[in-house]
Structure formats: structure tokens, C-alpha cells
Amino acid sequence: EQSAETFRYESDITRLRSLVIHSLYSHKDVFLRELLSNANDALEKLRLVSLTDRSVMSAGEGNVTIEVRLDEESGGKTGLLVIRDTGIGMSKEELTKNLGTIARSGTSEFLKKAEEGQGVDGNLIGQFGLGFYSCFLVSPTVRVSSLPPATSSNPDPIQYTFVSSSTGDSFDVFPDPRGNTLGRGTEIVLKIGEEEKEWLSTQRLRGLIDKHSTFSTTFPIYIKERQQVPVSAQSLPTDDDDQLNDDLDTDAQSPAAATSTVVEEKWVRVNDKAPIWVRDPKDVSEEEYKDFYKALTKDESAESLGWSHFKGDTGSGVSYKAIMYIPAQLPKDFWQKMTSGINNVRLMVKRVFITDDLGEEFMPRWLSFLKVTVDADDLPLNVSRETLQNNRFLAQLQRILVRKALDLFTKLSIDSPEKFKEASKLYGNALRIGVLEDNKDKLKLAKLLRFESTRSGYTSLEEYVENRKEGQKQIYYIAGVGERAEDLARSPFVEKLKARGYEVLLLSLPSDEPMMAALDKFMGMTTQDVSKKGLKFGDEDEHEAEKKELEAQKVAFKPLIDWLKKDLAGQVSDVTVTNRLVTSPCTIIVDSYGWSANMQRIMAAQTD
Ligand code: ADP
Ligand code: MG
């Protein structure tokens, strides 16, 4: 290694590396997921390059695979864990830059979060592009050798090696003394010491790959397995399997018989099942859907409230298969930065990952939380985002996803009311914004909303309409952002309606009032803010006597009303005698088209 060059890590990297190691020590197994995800990325990049330059595949190796193997040392007490891919590889400069510096913008944000003690979980590591450093969780040193494919601009690439230890602030890069042994791609060698020997089990590794990577990795992953094979296997009777197994069992237990077996190594494909989204939903278990969700979110504890697995045709001849999830948790700042939703739709073409950045405009913002995987069959593999945007496919796909999301919420409301209640808490505001912004789906969406009311703690508009009193033509509501339902119920606007046996919706979300105004009509009834003009009782006929009394009062109080109108001129637009109130002597109401006091408070808060 005479020609080794030594580089200093960027100062942040040393900090980040130790942060990763210290915050993830109890989730060490993420290292394998991260390394396999990098191998997968490298193969995807190769596939993309090969679309315009076939030679990258044919030169050297044509296969695109990931291999995992264990080389035992000291009689199995320690060993080397080798992860190899035939992907895009890295040149000397790329090894230095990609593994020694961080070009990602979120890093300082990550450092701040982590140092403030906000849980740094495996999820963050993946999000912030720190995956590679997780190899130091299990290994004191890492050696990365890499060889990019030969191309016309780089016809004679050289294999370089990067070596670093988990401590220290520098790394070495040098031409690989073994020469170009890789053919193409990257090989990562981790030194597994005695204290980490749990990783020296093929079975353990296989289990981890099954758990984390079968869903997210579409390229074949092979693991080298060692099997005890009887020497005379061929001569044993093959028509009696039970007999054969019995023989093997006794062999394993009896040292005298050990001479009749040898250790045979062979590569075994781990992720041999078709990806979950292309399979028939009938053949996918609930467990598999849950695991897929964890793999998608790169978060072991992630859960969803429900999912939908469907296939179809966009109408322009593109058939697709898709899985959509409603997350059970969202990042704390999700709604502040709606942009965090832009990576939630992963587009694949014939199982090959194309993009998870279809642009902020792709999903309506009120559905930006959905996690979707779509695999299209009939798009060209080299579609770029630009061509996609001019493609009718995306517009049609968006329509389909919105419709499917509404169906999924509806199904949840029928099949699992408890989960739907949770969904209402998490996404109630989003669905209301949907009513405001999505005129086409407004009524379907309105059916999914749940409200507190004077009748029950949790009602839908359909139930409200069902429970209306005879003759009632308005859906009554009162809105007060952040107020408690029982306080809203005590408002003088509500008391008379309640006394007459009408139900009033008690709305406390910021989006409630504008949503109700935008909704305007539902199942033939108009929405009516009880604090505004225009309130009508449906039972006026029943109360003939009351009506007569109101007329009499109007005459009796005319002098007072006239005086008030004069005295308050310029401050109010009208003064009338009303039968709205029961115990309060008077109230101030807003014109039908004016802003309610609630809305005025919202607007005032927004201009601050
Ligand atoms: P991220 O994958 O989020 O970019 P990582 O820390 O996991 O962050 O990897 C850093 C970078 O190192 C990658 O972006 C990639 O350029 C490079 N890299 C890592 N592993 C490989 C690999 N097996 N083949 C090619 N490049 C790799
Ligand atoms: Mg990575």
C-alpha cells in the first residue's frame, strides 16, 4: 500500500459518525439494511446508465446481483463479512468524495436534531444519507474496493480501495493491490470481532435480509451458505426422504459418523419472491403488508392505519399495480413542511425504481401523507420526470390515486371504526382542506368527516341529516377554533336550537368554518352558521303562538329598537327583535356573508 493517500474526513463527519454509532448502538442491525440499500442504489444507477450506454453491462459482467458472504477467521471466532454488488462502482475521486464528505443539505439540521437529543432513529439515518457510516456499528474497520464500468469516456478504469477505522479522523485511498478483481461494482469488507460474533451466522444474516431488504431490493441477493453434505449422498436412496433426514440427524450427533459428511458451500438466492405489489392480493398475508410498510418507511416501529392493494389501467393503455398506505404516525413537522410529502409516491416501471420525486404538485396537498408504490407495466424504462410530466399517464394516475384514497378511507370507516377514529384525529383537518380545495370530490370527502355535536360526541353529516327534525332544512353549526365542545354548546346561539330539539355541530378545527361555507349544501340541506344571519327553524308552523308573540314584541319594542339603531348608527348594520335566544337578553350576530367572530380571529392570527 505504498501509494496510499491519506485524507482527512470533513470535520462534521467525525461528529456524525460517532453520533450514528452512539445513538444506534441498540439497533445495530440497521447496518445491513443500509449497505444493501446502497448496493441496490448502485445497481439502479447502473441500469439507468445502461439505457443510454449498453456497453456498461456487456463489458465485464452482465449480471446485476448482490452477494453476501462470511469468511471465517480464527476457527470461526472472528470473521469478515463481505457485501458485494455489480453496480455502478466508484472511481478514486468518488470513493473520496462520497464516503469522506457530506454534500447533503440536511446534515446540519440532522446534527442539531441529534444533539438536541431528539431521538435519532434508523429512519433519520436513512433520510439524511448517513447509511454508510452505520457499518461502524459492527466493525472497527471497513474496507471498500470499487471499480466503475468501462465506458467510452473512461475505457480503462482502475480498482481503488478505501480503508477507514471507526475512530480517527482520516481514511486512506489507494489502487487495489489485487488489481481489477471485481469486474465491476463495489465490495465492502467488515471485520467482525469476537464481541460482535452474532453477525457471523449466515442464518442470522439471512433473517435480517428477509426482514429488511426483500421488499426494497428488487435485484437478486445471494448469500453463501455452508451445508453439511454426506459424502456418499448420491448412493443414498432418494425415494425415501425421511430415511435420509434421519440419517443426517444421527450423523450430526455422532462424531464417529462425521467422516461421512463434508461442508459444501453454495450461493442461495434470498429474496426469491416476486415483489409484494405485483403479487395477487389473495396471496399476500397481513404480516407481509405490515413488513412492507416498515421497509418502505425504513422504520421498524412504523405502523399504518390501513392499506389498499389494487391494479388497473389508466385509460391511456398503461396498466399498473399499486399499494397505498395511510400512515398511523406522521413526523411532528409534517404539516408545517408539506414538502416532506413529496417522496411518498414511488414510481416503478416493470419493477425497476424510476423516481420518488414526482414533484410537489403530483398529489393534492391534502393527501400528501399517503405512502404509495406504483408499478407501471407499459411505460418506457427510460422515462424521465420531464417526459412523465407531459404524459397523460401522470394526470390519470393522480385521479386514480385520489379515488382509491377516498375508497380506502370509506372502507376503513365501515370495517374498522376504531382505526377510522384515529384517522379522523390525524387527518380530519387534511380532509376538510380537501373539501375546500377539491370541488370534484367535495361530497365524497364530506361524508368522511366527523364532528362533535350537541347530540353525540362523534357524528357524520349523513347521521346529522338522518337525525334532522321534520321540516329542518339547514345543518346548524357553530365554530370556535381550539374551543372545547362543551363551551361551544353553552353559547347563546346554540341554546335556543338545543331547547327546540335541534342538533348543532360544534366545530373547533381551523379548517372547519371555511370548509362548511365551501360545502354549502349536503344531501339537500344547506349549512348554516348559527351565529350568522339566515338562520331558519324548520318548525315555525308548530310554534304559531310564538310567532304571534314575536310580532307583538316587535310592535311593543319598536321605540327601543329605533333608539338603539340611532344610538349605534355606524357600529352595527341592523337591530332586530329575535326569537333565537332563551336566557340571554341580547346577542351580536354577523351578516350571512360577513366573517364570523371565529373567522376574524383566524384571519387576525394569520396576519401576525
Ligand atoms: P446515501 O445512500 O443516502 O447517499 P450513504 O451514506 O448510504 O448515503 O452513501 C453515501 C454515498 O456513497 C452514496 O450516495 C453513493 O454515492 C456512495 N456509495 C455507497 N455505497 C455504494 C455502492 N455499493 N456502490 C456505489 N456507490 C456507493
Ligand atoms: Mg444509503
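This section describes the confidence, helix packing and sheets of a predicted model.

The mean pLDDT of the protein chain is 84. Of its residues, 83% reach 70 or more. The model scores ipTM 0.99. The pTM is 0.68. Where pLDDT is low, the predicted coordinates should not be read in detail.

Two packed helices are described by the angle between their axes and the distance between the axes. Helix α2 spans residues 30–52, and helix α7 spans residues 202–213. Their axes come within 10 Å. The crossing angle is roughly 65°, and α2 passes α7 in a right-handed sense. On the α2 side, the contact involves Leu32, Arg33 and Leu36. These meet Leu205, Leu208, Ile209, His212 and Ser213 of α7. By class, the contact of α2 with α7 has five nonpolar residues, two polar residues and one charged residue.

Phe31 also lies in helix α2. Phe31 counts as buried because 27 other C-beta atoms lie within 10 Å, against a cut-off of 20 or more. Apart from neighbours within four places in sequence, Phe31 is in contact with Ser134, Cys135, Leu137 and Val138. Ser134 is 103 residues away from Phe31 along the chain.

One open sheet has five strands in the order β10-β11-β14-β12-β13. Its pairing is mixed. Strands β10 (304–313) and β13 (352–355) stand at the edges. Each has a single partner strand, so one side of each is left without a neighbour in the sheet. From one strand to the next, the twist averages 20°. Strand β12, residues 345–349, pairs with β13 in the antiparallel sense. Three bridges join β12 and β13. Leu347 stands opposite Thr355 of β13.

Another open sheet is formed by five strands in the order β15-β17-β16-β19-β18. Here too the pairing is mixed. The edge strands are β15 (452–453) and β18 (521–522). Each of these pairs on one side only. Strand β16 covers residues 474–479, and strand β17 covers residues 505–507. The two pair in the parallel sense over three bridges. Tyr477 has Leu505 in β17 as its bridge partner.

Helix α17 (residues 512–519) packs on this sheet. It touches β16, β17, β18 and β19 (525–529). The direction of α17 makes about 160° with that of β16.

Helix α17 also packs against helix α12, which spans residues 417–437. The axes of α12 and α17 come within 9 Å and cross at roughly 35°. The crossing of α12 past α17 is left-handed. Arg432, Val435 and Leu436 form the α12 side of the contact. Their counterparts in α17 are Asp512, Pro514, Met515, Ala518 and Leu519. The residues of the contact of α12 with α17 divide into six nonpolar, no polar and two charged. Helix α17 therefore has contacts both with strands of the sheet, at the 7 Å cut-off between C-beta atoms, and with α12.

Definitions and conventions
Residues are numbered from 1 along each chain as its sequence is written. Chains are lettered from A and ligands numbered from 1 in the order in which they are written. This is a predicted model: local features need pLDDT of at least 70, side-chain atom pairs count only at pLDDT 80 or more; totals for chains, interfaces and linings use all residues. Axes are lines fitted to C-alpha atoms, for helices over the stretch in contact, and angles run from 0 to 180 degrees between N-to-C directions. Helices (H or I, at least four residues) and strands (E, at least two) are DSSP runs, numbered from the N terminus. A crossing is left-handed if the near helix is turned anticlockwise from the far one by less than a right angle, and right-handed if clockwise. Two residues are in contact if their C-beta atoms, placed from the backbone, lie within 7 Å. Ala, Val, Leu, Ile, Met, Phe, Trp, Tyr, Cys and Pro count as nonpolar, Asp, Glu, Lys and Arg as charged, and the others, Gly among them, as polar. pLDDT is the predictor's confidence in each residue, from 0 to 100. A residue is buried if 20 or more other C-beta atoms lie within 10 Å of its own, exposed if 12 or fewer, and partly exposed in between; C-beta atoms are placed from the backbone. Two strands pair if DSSP finds at least two bridges between them.
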